[in-house]
Amino acid sequence: VSTLAGNGTPGNSEGPGDSACLNEPQGVAVDGDDNLIVSDCGNSRIVKITREGIVTTLAGNGSEGSSNGVGLEASFNYPSGLVVDIEGNVLVCDLRNHCIRLIAAELTPLKLSERTQEGGPTEKISTFLSTQFPDPKFSDVSICVGDRTFRLHMVILSRCPFFKATFSSEFIEGTEKIVRLEDITPEAFECVIENLYTDNI
């Protein structure tokens, strides 16, 4: 275990490594450049921490409030969970303002398809999911393609508009949730599955 940023003393300051001070950091997200985006709750601000541990304020002026604006013009009230979306914005749960805030941060979004090196996240996810396909305990829908049956997960397949519509239609057979597909080979369907589950094309 090593400390990337912060020195263990509550405070509000920027800088490298342990010269920076945070106050009750909670939510953490990662962007496509491997920066950490952190909700510094006690300081009512959102900070960015580089791989080298340099802390800078992304948004929030350090005072509790609910004003919108650019960078330090904005204010939060105990921001907590956050995420970087596919357009590089940061979505923040502004807890005590009872709302969700959007920061147009223009960050590089994190894409699993960009991380396909050996041992990377995409490979690990693919390996994990491939072990779960045959086990009915971890699936909630069966897709029949040709002479093969794929045991899959509706919440992930619903990323595709076709499946989202299918799961709310008469194509589902009874309570067992079976969908039969025509005009596609099992091999082609496997490629569709890999894309839906891992974003790896």
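Author: Leu181 is buried, since its relative accessible area is 12%; buried means under 20%, exposed over 50% and partly exposed in between, with a 1.4 Å probe and protein chains only. The model is predicted, so local features need pLDDT of at least 70 and side-chain atom pairs pLDDT 80 or more, while totals for chains, interfaces and linings use all residues. Residues are numbered from 1 along each chain as its sequence is written, and side-chain values use heavy atoms, without hydrogens and water.

Leu181 belongs to strand β11, residues 178-181. Helices (H or I, at least four residues) and strands (E, at least two) are DSSP runs, numbered from the N terminus. Apart from neighbours within four places in sequence, Leu181 is in contact with Ile143, Cys144, Val145, Phe162, Phe163 and Phe189, where contact means heavy atoms within 4.5 Å. Between Leu181 and Gly146 there are 7.8 Å in space, C-alpha to C-alpha, although they are 35 residues apart in sequence.

Strand β11 is part of an open sheet of three strands with mixed pairing, in the order β10-β9-β11. Two strands pair if DSSP finds at least two bridges between them. Because β10 (148-152) and β11 each have a single partner strand, they stand at the edges, and one side of each lacks a neighbour in the sheet. From one strand to the next the twist averages 25 degrees. Strand β9, residues 141-145, pairs with β10 in the antiparallel sense over five bridges; Val141 has Leu152 in β10 as its bridge partner.

Helix α4 (residues 186-198) packs on this sheet and touches β9, β10 and β11, and its direction makes about 10 degrees with that of β10. Axes are lines fitted to C-alpha atoms, for helices over the stretch in contact, and angles run from 0 to 180 degrees between N-to-C directions.

Aromatic rings also link these elements. Rings of Phe, Tyr and Trp (its six-membered ring) pair if their centres lie within 6.5 Å; planes under 30 degrees apart are stacked, over 60 edge-to-face and the rest tilted. Three aromatic pairs are counted by this rule. Phe150 and Phe189 are edge-to-face, 5.0 Å centre to centre with 70 degrees between the planes. This pair joins strand β10 to helix α4 across 39 residues, and both Phe150 and Phe189 are buried. Phe162 and Phe163 are also edge-to-face, because their centres are 5.2 Å apart and their planes at 75 degrees. Phe163 is buried at 3% relative accessible area, whereas Phe162, at 47%, is partly exposed. Phe150, Phe162, Phe163 and Phe189 form one aromatic cluster.
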